[in-house]
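Reader: I have a model open on my screen and would like to talk through a few of its local features. Could you take me through them one at a time?

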Amino acid sequence: MVATPPPPPPLPVRDGALAGERAHGALSPMLTRLAEERATGVLVREHGTLVLHEGRVIHAESPCAPGLDVLLTARGTLDEAVWRQAADRPGDPPGAVRLLLDAGLLAAGALELCHLGALYDAGYFTLAPSGAPGRFRYEAVARPGPLRPVPVKALERETLRRRRLLHRLWPDPAVDGAPLIRADPLAAPPVTPRRRAVLDRVDGVRTAPQIARELGRHAFHTLVDVRRLAAAGLVSPGPSTAAAPPSAPEVTDPEIALLKRLRDALEAL
Amino acid sequence: MPGIDECLLEAMRLPGARGAALVDWTSGLALGTVGEAPGEDHETSAAEAAELARLAAEHGAFAAADDPGGERPPVEDLIVSNRDSYHLLRFVATPFDSTVFLHLWLAREDGNLALARIRLGEMAGRLVLE
């Protein structure tokens, strides 16, 4: 009788929870680490800036996304002069916000809505794939008083969800950043009033983020409209200029995914 | 002056309230949630409710005749009922550009749809105006 050799030791199993967490934080390992260590300071990436307070995001800014000032003054919610007066006070923008709130110029709910919307909007562009590694400056930042901070994980999850949403609407990201051109199909489908306002500003020069700024709307919301208009055959991307803002990654392109992983690994060094 | 959470907690005091959320119908983001989620989780139900709200808001057939420009939400509210619950979606008119609605989930047995509809409308107003 031949003795059966003992079975080989089981292969090591990767810690599923940990792997899942890492995969989840794939947008920026640096940001994941900063959240874990509850860092306070400013993260500057190619397409925007995140301000962290004890590992949570309290403010986001991107040249592609209109800030609180644009959103609040565009439709006359706040007078531009009033905003400037408040914003010129010593301290940072959150201080101005506090002032407006205390003076009863802005309802708490309206402010929170606007703030959260602007944060997720600017965060989406800030976390877009970038060509250069991000830099983090540890520094004291003012606690934003009445405004709710957003966990890094929530911002990352939402950003990924938004990428998937855009991809589902129209898979070509070129319309996100390029000057837009109107197309006039023979049988044009009906356009909703909100998308009509966007379409009316398409002139071969303006980009989606520029149109968002003019309308006082979130830039991501305008990307949604533009992708729907592109899917309906009503707009197409023109030749891109050098200063074009970033377009969302092709979520399915393995090469870009690889480049992203490389970039993220470099960032994590 | 109520913030988002205070507004949602107030909605939860309505008889039969099981869950409430403030959702953006363009992005599908839940800006605030309290109580139970009607589906898998709040994130998923927000995205699903957003899709329904968007269809109602974007189709001309449901819009009020007096405001074709689209400055205000074209629809006031949306009611979905099933065998065990009601869903009430109330569009929030804001003085700045936004696409948000309140979503209240009510147990059918204890919920009072008429009362909830009136109260949710008042809350939507107070949320953004002093």
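Predicted model: local features only at pLDDT ≥ 70, side-chain atom pairs only at ≥ 80, totals over all residues.

Reader: Where does E54(A) sit in chain A?

Author: E54(A) is in the loop between β2 (48–53) and β3 (56–61) of chain A.

Reader: And what about R38(A), what is its phi, and is that residue buried or exposed?

Author: R38(A) also has a positive phi, near 50°, although it is a residue other than glycine. Most residues other than glycine have a negative phi. R38(A) belongs to the loop between α2 (29–36) and β1 (41–45) of chain A, and it is exposed, its relative accessible area being 53%.

Reader: Switching to helices, how many residues does α11 of chain A have, and how far does it reach?

Author: Helix α11 of chain A runs over residues 219–231, which makes 13 residues, and it reaches 18 Å from its first C-alpha to its last, close to the 18 Å expected at 1.5 Å a residue. Just after α11(A), G233(A) takes a positive phi of about 80°.

Reader: How many of the residues of α11(A) are buried?

Author: In α11(A), 12 of the 13 residues are buried, so the helix is largely enclosed by the rest of the structure. Among the buried ones are F220(A), H221(A), D225(A), R227(A) and R228(A).

Reader: Which ring cluster does F220(A) belong to, and which charged end sits over its ring?

Author: Ring pairs join F220(A) with Y124(A) and F125(A) in a cluster. The charged end of R162(A) sits over the ring of F220(A), at 4.6 Å from the ring's centre.

Reader: How many aromatic pairs are there over all chains?

Author: Searching the whole structure gives four aromatic pairs over all chains. For F91(B) and F101(B), the ring centres are 6.2 Å apart and the planes lie at 45°, so this pair is tilted. The pair links distant parts of the chain, with F91(B) in strand β4 (residues 85–92) and F101(B) in strand β5 (residues 100–107) of chain B, 10 residues apart.

Reader: Are F91(B) and F101(B) buried or exposed?

Author: Both F91(B) and F101(B) are buried.

Reader: One last thing, what lies over the face of W105(B)?

Author: R18(B) lies over the face of W105(B), at 4.1 Å from the ring centre.

Key: Residues numbered from 1 in each chain as written. Chains lettered and ligands numbered in written order. Heavy atoms only, no water. Helix = DSSP H or I, 4+ residues; strand = E, 2+ residues; numbered from the N terminus. Expected span 1.5 Å × (residues − 1). Buried < 20%, exposed > 50% of the residue type's maximum accessible area, 1.4 Å probe, protein only. Phe/Tyr/Trp six-rings, centres within 6.5 Å; stacked < 30°, edge-to-face > 60°. Lys NZ or Arg CZ within 6 Å of the ring centre and 35° of its normal.
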